[in-house]
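User: I'd like to learn how to read salt bridges in a structure. Can you walk me through it?

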Amino acid sequence: CVRGVSAPAQDAGFPIVASFSSTEIGAEAQSWTTLQDSDGILYFGCDGLVTFDGERWRESAIKDAYALRGLDFGSNGRLWAAATGEIGWFDHRSGSGWKFHSLRPMLPPTHAAVGEVWHVFAEGDGAIFVSDSKILRWTGTKFQVWPMPGARRLPAMRLGNTIYVHHPPTGLYAMGPDGPKKIISAEVLGGATVLWMENRGDGWLLATSKGLFVFAHGRLNAFAPDVSEFI
């Protein structure tokens with residue numbers, strides 16, 4: 001949240017920011033993710049959903065969960081949410097704020113324990129959730145689950161209309177109608193974990209745990225391999 005500062009403060013090099021303590025917010029101040037809606041309201045993923053309209057802070061709790069790491073608005077107005085121990089969505093009710101609806105009861109019994117969930121991406125009438133070891137797609141009526149064990153977590157991102165998930169032991173996957181499809185093998189990536197990606201003409205620019213690389217024509221070429229400590 002930005003506030004104006006005097007010219008002397010700017011000249012002195014002070015940052016043009018305002019900080020808010022947990023006491024002011026009324027909730028734990030650590031935030032994992034942030035969104036802003038068309039009205040300018042900010043949404044923070046803390047141990048619950050925290051909103052700020054420029055004047056007032058409000059918290060909407062998620063029962064039996066913490067570390068709300070993923071938020072994404074769907075076209076139907078739902079605010080999809082991914083937390084440690086919980087997945088689902090919020091809807092807004094006039095006068096009563098945001099209410100959470102859990103999808104855990106809809107999971108197959110063998111996948112009922114969701115563990116740490118790091119990402120959520122709105123998709124049609126549903127959403128894709130990415131945990132530390134699974135990709136879960138809620139179609140609006142049922143779940144599809146793809147276990148991906150053997151990694152500490154599964155970095156994921158949306159590029160254009162496609163969601164990409166990196167499974168370090170096997171490679172980078174693109175989510176299609178039938179599920180994840182491998183597009184770059186772990187052998188080609190050489191042990192680098194893909195944390196972010198962007199289109200680059202005939203290929204992608206990849207930000208990885210080993211630096212910046214360009215992937216094109218089936219090959220990985222160094223772009224800035226010495227910046228990994230900053231990614």
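Analyst: Let's go through the charged pairs step by step. This is a predicted model, where local features need pLDDT of at least 70, side-chain atom pairs count only at pLDDT 80 or more, and totals for chains, interfaces and linings use all residues. Residues are numbered from 1 along each chain as its sequence is written, and side-chain values use heavy atoms, with hydrogens and water left out.

User: How many salt bridges does a search of the whole structure find?

Analyst: The general idea is that side chains of opposite charge can pair when their charged atoms come close. The cut-off here is a side-chain nitrogen of Lys or Arg within 4 Å of a carboxyl oxygen of Asp or Glu. The search turns up six.

User: Where in the chain do Arg69 and Glu116 sit?

Analyst: Their closest N and O atoms are 3.2 Å apart. Arg69 is in strand β5 (residues 66-73), while Glu116 is in the loop between β8 (97-102) and β9 (117-123), 47 residues apart. Strands here are DSSP runs of E, at least two residues, numbered from the N terminus.

User: Is Glu86 buried or exposed?

Analyst: Buried means under 20% relative accessible area, exposed over 50%, and partly exposed in between (1.4 Å probe, protein chains only). Glu86 has 3%, so it's buried. Its salt-bridge partner is Arg104, at 3.1 Å from N to O, and Arg104 is partly exposed at 31%.

User: Which residues form one network?

Analyst: Asp53, Glu55 and Arg56 do, through salt bridges that share partners.

Key:
Helices (H or I, at least four residues) and strands (E, at least two) are DSSP runs, numbered from the N terminus.
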